[in-house]
Amino acid sequence: MSDCLFCKIIAREVPGSIVYEDERVLAFNDINPQAPTHVLIVPKRHVASLSDLTEDDDEMVGELVRRAAVIAGDRGIAAGGYRTVFNTNRDAGQTVFHIHLHLIGGRRLQWPPG
Ligand code: AMP
Ligand code: ZN
């Protein structure tokens with residue numbers, strides 16, 4: 001989608017601090033990190049939000065979630081613990097409407113979230 005920030009990062013039209021890439025998935029550091037590790041994992045194909053997924057996307061969602069676990073393992077935060085979050089729409093604070101999985105960790109996290 002031409003006016004989508006994350007599509008522009010995927011297309012290298014906007015710089016991103018990329019930590020992983022394959023044919024279907026890109027992961028990059030959040031520009032405003034909320035913890036020592038704060039990585040966004042996105043599909044290269046534009047999907048606006050969790051609510052826009054279809055059955056055809058099940059494999060892609062699995063890849064996002066599995067990639068978060070692999071990055072957490074690579075960073076040495078898996079045993080200590082980490083959080084994975086999809087914010088969806090206004091009340092959850094979604095600001096970028098290209099689906100993204102937040103991987104947050106490297107410090108003790110509070111629960112419940114605000
Ligand atoms: P959300 O509020 O769940 O939609 O998350 C959007 C995230 O994108 C926020 O955590 C922002 O800090 C992050 N973000 C915004 N612009 C950029 C950018 N250019 N590069 C990396 N992360 C960004
Ligand atoms: Zn997009």
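Trainee: In what order do the strands of the open sheet come?
Mentor: The order is β1-β2-β3-β5-β4, five strands with antiparallel pairing. Strands here are DSSP runs of E with at least two residues, helices are runs of H or I with at least four, and both are numbered from the N terminus. Two strands pair if DSSP finds at least two bridges between them.

Trainee: And before I go on, what kind of model is this?
Mentor: It is a predicted model, where local features need pLDDT of at least 70, side-chain atom pairs count only at pLDDT 80 or more, and totals for chains, interfaces and linings use all residues. Residues are numbered from 1 along each chain as its sequence is written, chains are lettered from A and ligands numbered from 1 in the order in which they are written, and side-chain values use heavy atoms, with hydrogens and water left out.

Trainee: What joins β4 to β5?
Mentor: Four bridges, with β4 and β5 (residues 101-105) running antiparallel. Val85 stands opposite His102 of β5.

Trainee: How many bridges are there between β1 and β2?
Mentor: Three, again in the antiparallel sense. Ile18 has Phe28 in β2 as its bridge partner.

Trainee: Which strands does helix α2 lie across?
Mentor: Helix α2 (residues 58-74) lies across β1, β2 (25-29), β3 (37-43), β4 and β5, and runs at about 155° to β3. Such angles run from 0 to 180 degrees between N-to-C directions, with axes being lines fitted to C-alpha atoms, for helices over the stretch in contact; contact means heavy atoms within 4.5 Å.

Trainee: New topic: which residues come nearest to ligand 1?
Mentor: Asp30, Gly93, Thr95, His100 and His102, out of 16 residues around ligand 1. To count as near, a residue needs a heavy atom within 4 Å.

Trainee: What about polar side-chain atoms close to an oxygen atom of ligand 1, say from His102?
Mentor: His102 has one at 2.8 Å from a ligand oxygen, and Asn87 has one at 2.9 Å from an oxygen atom of ligand 1. The protein buries 83% of the 500 Å² that ligand 1 exposes when taken alone, by the Shrake-Rupley method with a 1.4 Å probe.

Trainee: Zooming out, what pattern does the protein chain follow along the sequence?
Mentor: α-β-β-β-α-β-β. The chain's radius of gyration is 14 Å, close to the 13 Å that the globule rule gives for 114 residues, so it is as compact as a globular protein of that length. That radius is taken over C-alpha atoms, and the rule is 2.2 Å times the number of residues to the power 0.38.

Trainee: Last one: which peptide bond is cis?
Mentor: The one from Trp111 to Pro112, with omega near 0°. Pro112 sits in the segment after β5.

Technical notes
Polar contact = N/O pair within 3.5 Å; in protein donor to acceptor, adjacent residues only side chain to side chain.
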